[in-house]
Amino acid sequence: MHERREPFKPTNQPKIIANDNIVSLSIHLLAVIQMPKLILAKINSILSNSFFSGEENGRNRRKLKSWTELCTPTMKGGLGVRDFVEVQKALHMKFAWRLLSLDNLWTSFFKAKYLKEGHFFETTSRNSGSMFWKSICSVMPMVKEHMVVKVQKGAVSFLFDLWLSRGVLATEVSIVNQPRLEVKDCWVEGRWDREFLDSLIASDVGDDIIREVPGRREGCDTQIWCPGVDGQFTTKTAWEVIRVTQPNGGVEDRDHVLCKGMVASAIWCRATDLLSVPCMAFDDWWERCKMWFTCAKKKMQRGVLIGIMPTLISWRLWKWRCDAQMQGRYDSMEVIWFSIKYWLVVFLSKLLKVKALSSFDRKLLSELDIPVREVVPRILKLVAWSMPSDGWVKLNVDGSCRGNLGSCGGGGVIRDEGGRFLATFSSKYGIGTNNEAELKALIGGLTLCKELGLVNLVIESDSMLVVKWLREKMCTVWYLWDYWEEVVQVLTGTEYLVLHQFREGNRVADFLARQGE
């Protein structure tokens with residue numbers, strides 16, 4: 001309680017003061033004990049009565065919404081208030097995370113008391129221990145599912161920690177003979193002991209391990225919390241994970257509401273008739289949107305309409321669903337369609353320029369009472385590759401990814417101040433993301449330059465993100481940190497200049513990258 005600097009005076013609101021103190025004290029208790037469900041329900045009741053009810057003419061006001069509805073996520077029409085049962089789970093997940101990621105007196109105490117010679121992830125099915133420890137064990141699988149370990153010096157469990165993309169290795173071993181085995185125990189002078197590795201697991205799994213984690217690296221092993229943007233654990237992200245994994249907390253079927261339901265199907269049919277888009281039956285909302293986007297062409301007003309329509313329809317159908325579920329208001333199909341056409345007119349009235357206008361476009365726009373924008377002449381820009389200055393060479397690199405995730409490749413070309421080819425490369429990287437392919441291609445090009453003894457480099461790429469990382473000397477995507485460290489290491493001792501190049505001026509590297517897919 002806050003310190004009072006004046007004598008306490010009786011008020012007509014003693015209940016509110018008591019309720020506030022109860023709620024403030026309970027947060028600290030939830031983090032270190034397993035609170036009975038009956039007490040949590042009582043705290044929720046006190047909180048609900050304190051904030052969402054009151055008295056009028058000596059009588060209690062009637063609540064307009066239940067506590068469950070108020071705790072419903074905002075995306076489903078609620079206020080997103082945190083239920084204390086979920087808050088306790090989030091706080092216990094934080095405690096479990098600290099047990100896994102920190103090495104201090106408390107973690108040593110819990111390891112000695114409950115783990116003996118085992119690992120944290122082996123204890124989740126045990127029934128012994130205090131109520132608090134049982135609660136920690138119950139949330140441990142949820143923490144395990146959303147965390148990964150970045151291996152540096154190898155002081156992590158070989159079998160039970162999630163340090164490989166394929167999952168925990170304990171699930172692929174029939175008998176666990178060495179539960180305390182660490183990754184570094186399988187290394188000889190910082191590299192894998194292949195004979196010992198094959199004695200533990202299958203040879204194909206060993207190939208994946210060596211490919212993904214070549215060996216020891218500088219730095220400490222890092223626990224990464226995947227739901228966090230920066231890889232750090234927070235109770236907010238833990239709470240969001242809990243809401244998604246609750247038995248009744250899943251999101252309502254998206255495809256039924258936005259695509260194949262009776263109302264949704266009728267709205268999409270009206271839109272196809274209005275804009276002359278091919279009318280096709282879809283059971284998947286995203287597949288329908290992609291079909292519309294392929295028909296959109298930004299150089300014409302009708303093409304812009306086609307590109308905007310999926311967003312407007314999806315937004316209005318979701319609003320219709322929320323109004324019906326949360327407020328009991330059911331808009332008719334005519335009201336929904338009129339609202340979509342109204343916002344279509346609003347968006348198109350803000351359109352400043354178009355590149356082409358057909359007679360069909362003019363007729364459609366006049367029916368919607370949308371003003372016709374006259375065609376604006378196109379402004380051409382010359383894009384070409386340019387030679388570097390004397391004494392410098394230019395490295396053009398590009399990564400290619402067929403889908404994201406998908407089959408990846410990379411390539412590049414090195415040319416001198418006279419435009420003469422010094423070297424080229426094209427590589428296949430397997431399955432990955434587009435940014436991963438860009439960084440791998442950059443690593444390949446820089447390594448090739450180093451092998452040729454080239455130290456004055458002009459680096460050109462058509463990826464604005466990679467160019468930004470090189471200029472700011474920082475990669476902001478945590479799962480690409482390993483590749484970024486390789487980039488920094490290869491650039492050591494090199495004078496370099498980073499430039500962005502449009503794809504049209506980077507066609508040689510683009511062609512080589514596509515050859516590697």
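**Salt bridges, a buried strand and a surface patch**

A search of the whole structure finds 15 salt bridges, a salt bridge being a side-chain nitrogen of Lys or Arg within 4 Å of a carboxyl oxygen of Asp or Glu. The model is predicted, so local features need pLDDT of at least 70 and side-chain atom pairs count only at pLDDT 80 or more, while totals for chains, interfaces and linings use all residues. Residues are numbered from 1 along each chain as its sequence is written, and side-chain values use heavy atoms, with hydrogens and water left out.

Side chains of opposite charge can pair when their charged atoms come close. One of the salt bridges joins Arg316 and Asp331, with the closest N and O atoms 3.0 Å apart. This pair links distant parts of the chain: Arg316 lies in helix 13 (residues 301-327) and Asp331 in the loop between helix 13 and helix 14, 15 residues apart. Helices (H or I, at least four residues) and strands (E, at least two) are DSSP runs, numbered from the N terminus. Both Arg316 and Asp331 are buried; buried means under 20% relative accessible area, exposed means over 50%, and partly exposed is in between (1.4 Å probe, protein chains only).

Another salt bridge connects Asp416 and Arg420, whose closest N and O atoms are 3.1 Å apart. Asp416 counts as buried because its relative accessibility is 9%, whereas Arg420, at 52%, counts as exposed.

Glu436 and Lys440 also meet in a salt bridge, at 3.2 Å from N to O. These two residues are four residues apart in helix 16 (residues 434-451), so about one helical turn separates them. Glu436 is buried, with a relative accessible area of 14%, and Lys440 counts as buried at 18%. Elsewhere, salt bridges that share partners join Lys150, Arg217, Asp482 and Glu485 into one network.

The next stop is strand 10. This strand covers residues 456-461 and contains Glu460. Five of the six residues of strand 10 are buried, and Glu460 counts as buried because its relative accessibility is 3%. What do the polar contacts of the Glu460 side chain include? A polar contact is a pair of N or O atoms within 3.5 Å; within protein, one must be able to donate a hydrogen and the other to accept it, and residues adjacent in sequence count only if both atoms are side-chain atoms. The side chain of Glu460 has such a contact of 2.8 Å with that of Lys394, and one of 2.8 Å with that of Asn396. Leaving aside residues up to four places away in sequence, Glu460 touches residues including Trp385, Val397, Leu499 and Gln501, where contact means heavy atoms within 4.5 Å.

Strand 10 has pairing partners, two strands being paired if DSSP finds at least two bridges between them. Strand 7 (residues 393-403) pairs with strand 10 in the parallel sense over five bridges, and Val397 has Ser461 of strand 10 as its bridge partner. Strand 11 (residues 495-500) also pairs with strand 10 in the parallel sense, over six bridges. Here Leu457 stands opposite Tyr496 in strand 11.

The last stop is on the surface. Trp315, Phe338, Tyr342, Trp343 and Phe347 form a nonpolar patch with about 560 Å² of accessible area together. Accessible areas come from the Shrake-Rupley method with a 1.4 Å probe, and for residues only the protein chains shown count as cover. Patches are made of residues with over 30% relative accessible area and no salt bridge; like charges are joined within 9 Å, and nonpolar side chains (Val, Leu, Ile, Met, Phe, Trp, Tyr) within 5 Å. Helix 14 (residues 333-349) supplies the largest share of the patch, four residues. Phe338 is in helix 14 and is exposed, with a relative accessible area of 58%.
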